[in-house]
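Trainee: I would like to learn how to read a few features of a structure. Could we take them one at a time?

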Amino acid sequence: MTDSHSLNNLLLKAITFFKEDVIPFWDSSVIALKSAENVFQQVLHLGLIDALFESIIEKVLADPCLLGKPIKCMTFDAYGEKYDDPYRPNARRRLFGSNLISEDLATLSVQLYELMIHDMILHQVPLEYVAASLCQYVENWVSAASQVEGDISFARWMSQRAAIEAVERLLPHERGLVPCNLLFEMLQFSIALEATTDCRNGFEVRIGKQLDQATVNDLLIPCFGYAREQEYDTDCIRRILKHFYSNLSSPYNSSRLKVAELVEKYLAEVASDVNLKKSTFVSLAEMAFAASIKTQRLSDGLYRAISIYLDNHTYLTEYEKEDVCKLLDCSKMSPEACEHAATNKRLPLRIVVNVLFVHQLHLRDTFLKEVSSSDDGLVKPLEEEILKGVGRSSKDRSMVEMERMNCKVQELEKECSALKKELCGASGSRLKRDKGAVWIKMKRKFRCISTTQDHDNCHMKKIKVHPK
């Protein structure tokens, strides 16, 4: 096969073909890598693997979209609606259309793919494109294979496990490169495939860095195995929460409050599980409560979770119920929540008493606000002055009383002026009767007439002084 045997022999033709028809092209290079999987050691010894790696990495550095579009970028379909599929086709496939299938690195075996991505990271290929390729690899080798009906073979199960462990080793740790929901999917795959502890812990750490972007459905990780005691894997969520709190730079940032609300919603979802232990529920509630300390955030979410838990765990004793409710801050409950809690028969008696007291305070505050809003602005300063006058001398209190009388006189003067305007168009006889009624009303307000007899005497005196 060499030139020593004959000129232009097979070896020279193979090398020329490899350099001119394989190395320069993306599809040919990927196909050559796939064909080398069965004879990997021999091809590696000849240096062909290194040549193919260098060719592919050079093309990716020139056009990173060959690995796929970054997942964090939103795309829209022809109708203007958001395209939510996280596993997007790579740039070449979009360029040439869906009918022409371009070769993708995600079709390589785990052994070759891991070496390829590792070299790309060393050559500083943008990490967002590396993450896009890794997500596509999970879709091809783990997610799609898991959707096949029936029991999978042991060999396929092992290949899926090897794929998810390789993706975890290659996945960058930077926040936001992969959406939180995809990280939760990868974590569920690693748990279902019984991957190593380091693999599962790696996904949990990455999720903890961006837990504020998760939803309640993401947190509902089912328990796998025949010996499961609970419906959902709460221990995994507790570990993720610990990673989240350990990565917080500020104790009172917005992400902390988002996670507190998220955990309360999660507690409300898992509280209906009759097998959920009290210690587990209280532990998760403490993590949510810790984020709400020294804030004005309401405790309605925590109360809702506690109410659902008590409804589904009727066997708890009064002491155990108080232990579940120990984190409930009644002073931070809304009036609607207080009204519901006051009639909740599942709550301990001590909690109900506290709720009733807080509810009365809410009613008092509401009444005072309504009174102050309807006040004309004259009596309120006097009441404040009276409250401030506690402990003052009797001289100060008498001055306050005089000020109150002045205000009453001003009110009466306004009423008199209004009544006089109404009486201007009345007849003479009715005018006299109305005037008499006006003066009687004024005298009553000044406490000149206290009884019916006093009213008659005063009227008789008026007749004597002013005869007809």
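Trainee: In which helix is Ser 143 found?

Mentor: This is a predicted model. Ser 143 is found in helix H7, which covers residues 127-146.

Trainee: Is Ser 143 buried or exposed?

Mentor: Buried is a label for residues under 20% relative accessible area. Ser 143 has 9% relative accessibility, so it counts as buried.

Trainee: Which residues does Ser 143 touch, not counting residues up to four places away in sequence?

Mentor: Ser 143 touches Val 138 and Phe 189 on that count. Its side chain also makes a polar contact, at 3.4 Å, with the side chain of Glu 139.

Trainee: Let us turn to charged pairs. How many salt bridges does the count come to?

Mentor: Side chains of opposite charge can pair when their charged atoms come close. In this model the count comes to twelve salt bridges. One of them joins the side chains of Glu 114 and Arg 169, at 3.0 Å from N to O. Glu 114 lies in helix H6 (residues 110-122) and Arg 169 in helix H8 (residues 154-170), so this pair ties together parts that are 55 residues apart in sequence. Glu 114 has 22% relative accessibility and therefore counts as partly exposed.

Trainee: Which residue does the side chain of Lys 278 meet in a salt bridge?

Mentor: The side chain of Lys 278 meets that of Asp 323, at 2.7 Å from N to O. Lys 278 lies in helix H14 (residues 278-290) and Asp 323 in helix H16 (residues 318-324), so the pair ties together parts that are 45 residues apart in sequence. At 23% relative accessibility, Lys 278 counts as partly exposed.

Trainee: With which residue does Asp 323 form a salt bridge at 3.3 Å?

Mentor: That partner is Lys 326, with the closest N and O atoms 3.3 Å apart. Lys 326 counts as partly exposed, at 46% relative accessibility. Salt bridges with shared partners join Lys 278, Glu 286, Asp 323 and Lys 326 into one network.

Methods:
Residues are numbered from 1 along each chain as its sequence is written. This is a predicted model: local features need pLDDT of at least 70, side-chain atom pairs count only at pLDDT 80 or more; totals for chains, interfaces and linings use all residues. Side-chain values use heavy atoms; hydrogens and water are left out. Helices (H or I, at least four residues) and strands (E, at least two) are DSSP runs, numbered from the N terminus. Buried means under 20% relative accessible area, exposed over 50%, partly exposed in between (1.4 Å probe, protein chains only). A polar contact is a pair of N or O atoms within 3.5 Å; within protein, one must be able to donate a hydrogen and the other to accept it, and residues adjacent in sequence count only if both atoms are side-chain atoms. Contact means heavy atoms within 4.5 Å. A salt bridge is a side-chain nitrogen of Lys or Arg within 4 Å of a carboxyl oxygen of Asp or Glu.
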